[in-house]
Amino acid sequence: MITLYGSGQSRSFRALWALEEAGIPYKYKSVKIGGNTDNGTQTESYKKLNIQGKVPTLSDNGLVLSESGAIVNYIAAQNPQAKLIPTDIVTRAKYDQLCFFVLSELEQPLWTYSKHRFILPKEYRLKEISNTVHWEFEKTVSALEYQLADKEFAVTEYFTMADILIAHTLSWADKAKFNIPDSLLDYTHRMCGRVAFVKALSKSETIF
Ligand SMILES: N[C@@H](CCC(=O)N[C@@H](CS)C(=O)NCC(=O)O)C(=O)O
């Protein structure tokens, strides 16, 4: 059975939401990011699963995965009937393009901002980075607005894992007080109203 190691609404939430959308059995283990004891991500036992001591980590029957993008795709493949990943070549190419866009472009200014506020060792943090990342995010989010236009879902006429990556990243941006165009805020609220999202939210702090 799949075990997911995660913490709150960090990037591991993408995988938790994906598991709920796929409707497959799993166990969720809540871990403490940066912790050195018990369920901490810096313990020797956790780092055997995830050498960087990060979340998410998914383990399934000897397979261990540690990138949220790869993990949501693996989960989608576990239940093809749920149609969470497009199978025809053209739609799949558009899906890949959007997923890579989120992971390499959209989340980067947010991650840089977080790193310089509370993750990097203090001596490496730059206060001045704030203007740069807000400017960069604004450019990237307008590109996303253009691509999504007034579509119901990001890639095609049904919900896919790309919607999870996008909506999770936009909620992250919203919490960090980055400017988000109204149409994308509406989209995010719609995605976050899904039954699977609400179930995942209620499980995200449960410790098994
Ligand atoms: N590219 C990875 C990033 C994973 C990541 O950085 N996770 C953060 C939480 S959102 C973390 O565990 N940070 C702890 C650290 O940087 O030490 C993914 O998408 O899974």
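This is a predicted model: local features need pLDDT of at least 70, side-chain atom pairs count only at pLDDT 80 or more; totals for chains, interfaces and linings use all residues.
Biologist: In what order do the four strands of the open sheet lie?

Modeller: Strands are DSSP runs of E of at least two residues, helices are runs of H or I of at least four, and both are numbered from the N terminus. Two strands pair if DSSP finds at least two bridges between them. The pairing in this open sheet is mixed, and the order is β2-β1-β3-β4.

Biologist: Which are the edge strands?

Modeller: An edge strand here pairs on one side only. From one strand to the next, the twist averages 15°. The edge strands are β2 (26–30) and β4 (63–65).

Biologist: Which residue is the bridge partner of Leu4 in β3?

Modeller: Strand β1 (residues 2–6) and strand β3 (residues 57–60) run antiparallel and are joined by four bridges. In β3, Leu4 has as its bridge partner Leu58.

Biologist: At about what angle does helix α1 run to β1?

Modeller: Axes are lines fitted to C-alpha atoms, for helices over the stretch in contact, and angles run from 0 to 180 degrees between N-to-C directions. Helix α1 (residues 12–22) lies across β1, β2 and β3. Its angle to β1 is about 145°.

Biologist: How many of the residues of α1 are buried?

Modeller: A residue is buried if 20 or more other C-beta atoms, placed from the backbone, lie within 10 Å of its own, exposed if 12 or fewer, and partly exposed in between. The cover over the buried residues of α1 includes β1, β2, β3, α3 (68–78), α6 and α8 (195–203). Of the eleven residues in α1, the number buried is eleven.

Biologist: Which residues is Trp17 in contact with, leaving aside its neighbours within four places in sequence?

Modeller: Trp17 sits in helix α1 and counts as buried because it has 30 C-beta neighbours inside 10 Å. Two residues are in contact if their C-beta atoms, placed from the backbone, lie within 7 Å. Apart from neighbours within four places in sequence, the contacts of Trp17 are Ile164, Ala196, Phe197 and Ala200.

Biologist: How far apart are the end C-alpha atoms of helix α5?

Modeller: The expected span is 1.5 Å times one less than the number of residues. Helix α5 (residues 129–148) has 20 residues, so it should span 28 Å. The distance between its end C-alpha atoms agrees, at 28 Å.

Biologist: Within what arc do the buried residues of α5 fall, seen down its axis?

Modeller: The buried residues in α5 are Val133, Phe137, Val141 and Leu144. They line one face of the helix because, seen down the axis, they fall within an arc, taken from the directions from helix axis to C-beta atoms, of 60°.

Biologist: Which helices do the buried residues of α5 pack against?

Modeller: Phe137, in helix α5, is buried, with 23 other C-beta atoms within 10 Å. Its contacts, leaving aside neighbours within four places in sequence, are Pro109, Leu110, Ala173 and Phe178. On the other side of α5, exposed residues include Trp135 and Lys139. The buried residues pack against α4 (89–119), α6 (161–175) and α7 (182–191).

Biologist: What is the phi of Lys177, which is not a glycine?

Modeller: Most residues other than glycine have a negative phi. Lys177 is in the loop between α6 and α7 and is exposed, with 9 other C-beta atoms within 10 Å. Its phi is positive, about 65°.

Key: Residues are numbered from 1 along each chain as its sequence is written.
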